Structure formats: structure tokens, C-alpha cells
Amino acid sequence: MTMTRISVALAAAGLMGATLAQAGEVEVLHWWTSGGEAKAVAELKASMQAKGHTWKDFAVAGGAGDAAMTVLKSRVVSGNAPAAAQIKGPSIQEWAREGVLANMDDVAKANKWDELLPKAIADGLKYQGHYVAAPVNVHRVNWVWANPEAFKKAGAKLPTTWDEFFTAAEALKKAGIIPVAHGGQNWQDFTTFESVALGIGGADFYKKALVQLDAASMKSPTMEKVLTTFKKVKTYTDKNAPGRDWNLATAMVIKGEAGMQLMGDWAKGEFLAAGKVPGKDFACVPAPGSAKSYTYNVDSFALFKLKDPANQKAQQDLATAIMSPEFQEVFNLNKGSIPVRLGMKLDKFDECAKTSAADFVSSSKAGTLVPSIAHGMAVPSASEGALKDVVSQFWNDDKMTVATAMDKMAAAAKSKAH
Ligand code: BGC
């Protein structure tokens with residue numbers, strides 16, 4: 001009896017010892033603070049805690065992560081990097097060049113990332129051939145979110161072209177509903193701008209003008225039409241848009257105060273968190289004219305070099321968890337995005353997600369899959385910032401002409417792109 005008790009105790013102690021030796025702390029910088037975002041990141045926290053690790057939440061509020069990136073820079077400069085930070089697109093390369101990111105090849109190899117990720121996405125997560133970041137999802141940016149009840153009241157129909165968009169906007173306005181819910185940061189302006197550019201100019205124009213930053217395309221009749229259309233959208237927003245957060249704009253559509261919002265599918269996370277049902281309480285339609293194209297935005301976590309072995313282990317467990325099928329499913333069901341891991345069943349996902357997944361594949365085949373500039377997927381951060389500034393100046397300053405805006409855009413691209 002005594003022996004048994006002792007061995008049970010020893011076994012328990014041994015087990016505990018092992019857990020303690022392995023358990024580390026994982027500090028994660030992110031900007032997921034809205035209703036849907038918080039539910040999604042809670043899943044990541046839970047999966048780390050289930051492995052015995054301590055989750056240190058490093059949340060910096062602010063859509064699209066502008067504030068988070070500023071805070072991250074000062075932390076890394078002072079030699080106090082978190083284990084993981086929400087960093088994506090070309091910025092991953094910029095951070096890797098600083099020599100501060102950790103090599104995740106062991107995790108990637110053990111879990112077959114090369115086979116489970118689309119090559120173009122995997123390439124973006126590697127620096128000099130080595131994985132330095134783990135991806136969580138694919139967000140589609142070129143969506144319109146609409147309130148069917150508001151559309152019914154206005155006798156309007158969901159738009160598929162920009163002409164239809166403005167017809168619907170006019171009808172909503174007449175019915176006393178704010179046609180377009182919009183917010184006040186420059187990334188929100190650019191989210192609208194890039195959807196207009198894609199819908200009006202098509203994927204080839206989008207790539208040439210906004211990804212390759214070709215000066216002639218920036219000062220072209222097509223860009224003129226894009227800017228004119230973009231500015232017309234503003235006339236259907238309300239006076240309180242400046243300074244408003246994106247999720248508060250989504251809330252206006254949820255409540256039926258506004259008819260529609262041009263936003264990526266993290267907006268769906270807000271509808272779902274509010275208990276709304278897709279296809280019934282809200283509708284998702286591709287941004288006008290862009291149904292056959294797809295603006296992608298892949299959220300990923302870059303992993304920073306750490307000294308403590310237990311924390312390194314926790315970091316590797318985080319990277320492993322992120323790419324696991326269980327996490328990819330539950331996270332994306334809450335986040336509004338689709339799994340980035342290939343070959344996942346989408347049975348539990350709604351029609352918006354299924355459309356997104358199908359369009360991701362078909363646009364990739366057709367060459368109309370394009371990276372989002374607004375969400376840091378396309379151009380170096382310096383060019384992105386300069387372009388966003390010009391586009392927002394144009395949006396906010398009713399005296400700025402289209403010609404001036406085009407000149408400024410070309411200059412912003414030229415002075416920053418190398
Ligand atoms: C991110 C999303 C996030 C959104 C709003 C985007 O740039 O990719 O994950 O929900 O910003 O904060």
C-alpha cells in the first residue's frame with residue numbers, strides 16, 4: 001500500500017517536474033481587441049494554456065495594427081522583444097533583415113508546412129529560405145457587408161457594379177439610412193480605395209499601379225476614374241466617420257443604422273459575435289466589379305529570438321498550435337477568415353467563408369489574386385505609408401483635385417519604392 005502510494009506520488013512528482021521544466025511563458029503582441037477578434041485570439045490563448053504554458057497578452061488596440069507596430073519597434077529596440085508578434089507581408093522580411101527573428105524550420109519540417117501551405121504564402125513567411133513566421137488565416141478584403149433589412153426598407157438591391165452601388169446608396173439615403181458606414185483611420189480609407197481600384201481597374205491595373213507602383217498607371221485615365229469613384233463613396237458616409245473605429249462602423253450595419261460597409265471579412269467576426277446569421281441578418285457580396293478577383297490578407301505571427309529554453313519551447317508550441325487543423329478551424333470560425341492550411345474541411349463554415357475559399361482558388365488560377373496594400377501585404381511599409389497618406393488626404397480634403405492626387409501618388413511611390 002505504502003509503496004503504491006509512494007510510487008503514485010513519485011510519478012505525480014515526476015510528471016509535475018516534467019511539466020514545470022517544459023512550461024514557459026509566451027508573450028504575444030496582437031491588435032485583436034474587437035468583439036470577434038477577441039474571441040478568436042482567446043482560442044490561441046486556450047491552446048497554449050492547455051499545453052501548460054503561461055500566456056502573456058500584449059494587446060495594443062487599433063485596427064490594422066498601426067499602434068501595435070509602433071509599440072513593437074520600441075520593445076525590440078530596447079532588447080525586450082515578445083515571443084511572437086502579429087506581423088505580415090513584406091514587413092516580415094524587414095524584421096528578419098534586422099536579425100531579430102528566430103528560425104522555425106524544425107517546427108515547420110516536423111509539421112510539413114511546405115506541403116500544407118500555398119507556395120506563395122510559404123515563401124513570404126521565410127527569410128533566406130528559413131521559416132520565421134507562422135500563418136493563421138486568409139482574410140479576403142474586397143467585400144461589402146450589408147444589412148438586408150435596411151436594403152428591403154429602401155427597396156434597394158445588393159450591388160454588383162459601382163453604378164448599382166450608387167443606385168443602392170441613393171435609395172438607402174432616401175429611406176433615412178446612412179448608406180455607407182465608414183471610419184476614420186487611413187487604413188480604412190485605403191481599404192475602400194483598393195476595392196474601388198480593383199473593381200474599376202481590374203486585377204492587372206491593380207497590380208501595375210499599386211503593387212509594382214508604376215508611375216504611368218498612377219497617372220492614367222483609369223486612376224482618374226478610380227479616384228473619382230472613391231471620392232463619390234465619401235458623399236454617402238456620415239459626418240461622424242472621422243475618428244471612428246472600423247468595428248463601430250460595422251456595428252452601424254449590424255443595427256441597421258447604416259446599409260453597408262466596405263471591409264475585409266474580420267467584419268464578419270463582429271456580426272457573428274453579435275449573434276447574427278449570415279444570409280439572414282447580414283449579407284456578404286464581393287466589392288462591386290471585383291467578384292472574380294480576390295484581395296488577400298494573411299495574418300501571421302513572426303517569432304522573435306528568445307534566450308530562455310523554456311520560453312523557446314513555448315514559442316515552438318505556439319507555432320505548432322497555430323498551424324494545427326483544430327486551431328485553424330476554431331480560430332477562423334470566430335475571426336471571419338478561412339484557414340490558410342490547405343486541405344481543410346469547411347463543413348462548419350458559412351457561405352461567406354465558402355465563397356471566399358472557392359474564389360481564393362479560382363482567382364489564383366486566373367491570375368486575379370492580389371495582395372492588399374491597406375493590410376500590409378503588397379509593398380514595403382515605407383511606400384505603403386506614403387500612399388495611404390496621399391489617399392487619405394484626397395479623401396479628407398474636398399479641395400484637392402484628382403490630378404493633384406495622382407501627382408502626389410506617383411511621387412509617393414517614386415520617392416519610396418526601390
Ligand atoms: C488584420 C485583421 C484585423 C483587422 C482589423 C487587419 O489588418 O489583418 O486580422 O482584424 O486588421 O484590426
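Reply: Helices (H or I, at least four residues) and strands (E, at least two) are DSSP runs, numbered from the N terminus. This is a predicted model, in which local features need pLDDT of at least 70, side-chain atom pairs count only at pLDDT 80 or more, and totals for chains, interfaces and linings use all residues. Residues are numbered from 1 along each chain as its sequence is written, and side-chain values use heavy atoms, with hydrogens and water left out.

Me: In which helix does Ser392 lie?

Reply: The helix in question spans residues 381-396. Ser392 falls within that range, in helix α18.

Me: Is Ser392 buried or exposed?

Reply: Buried means under 20% relative accessible area, exposed over 50%, partly exposed in between (1.4 Å probe, protein chains only). The relative accessible area of Ser392 is 7%, so Ser392 is buried.

Me: Which residue joins its side chain to that of Ser392 in a polar contact?

Reply: Contact means heavy atoms within 4.5 Å. Leaving out residues up to four places away in sequence, Ser392 touches Asn186 and Asp189. A polar contact is a pair of N or O atoms within 3.5 Å; within protein, one must be able to donate a hydrogen and the other to accept it, and residues adjacent in sequence count only if both atoms are side-chain atoms. At 2.7 Å, the side-chain partner of Ser392 is Asp189.

Me: How much area is buried between domain 1 and domain 2?

Reply: Domain bounds come from an automatic or database domain assignment, here domain 1 (3-139 + 298-353) and domain 2 (140-296 + 372-416). In contact are 25 residues of domain 1 and 28 residues of domain 2. Buried area is the accessible area (1.4 Å probe) that two parts lose on being put together, summed over both. Carbon and sulfur atoms give 56% of the total, which is about 1900 Å².

Me: How far apart are the closest N and O atoms of the salt bridge between Lys268 and Asp350?

Reply: A salt bridge is a side-chain nitrogen of Lys or Arg within 4 Å of a carboxyl oxygen of Asp or Glu. The count between domain 1 and domain 2 is one. For Lys268 and Asp350, the closest N and O atoms are 3.0 Å apart.

Me: Which element gives the largest share of the side of domain 1 that touches domain 2?

Reply: Elements giving two or more residues to that side are α2 (35-50), α4 (90-97), α16 (325-335) and α17 (351-366). The largest share, four residues, comes from α2.
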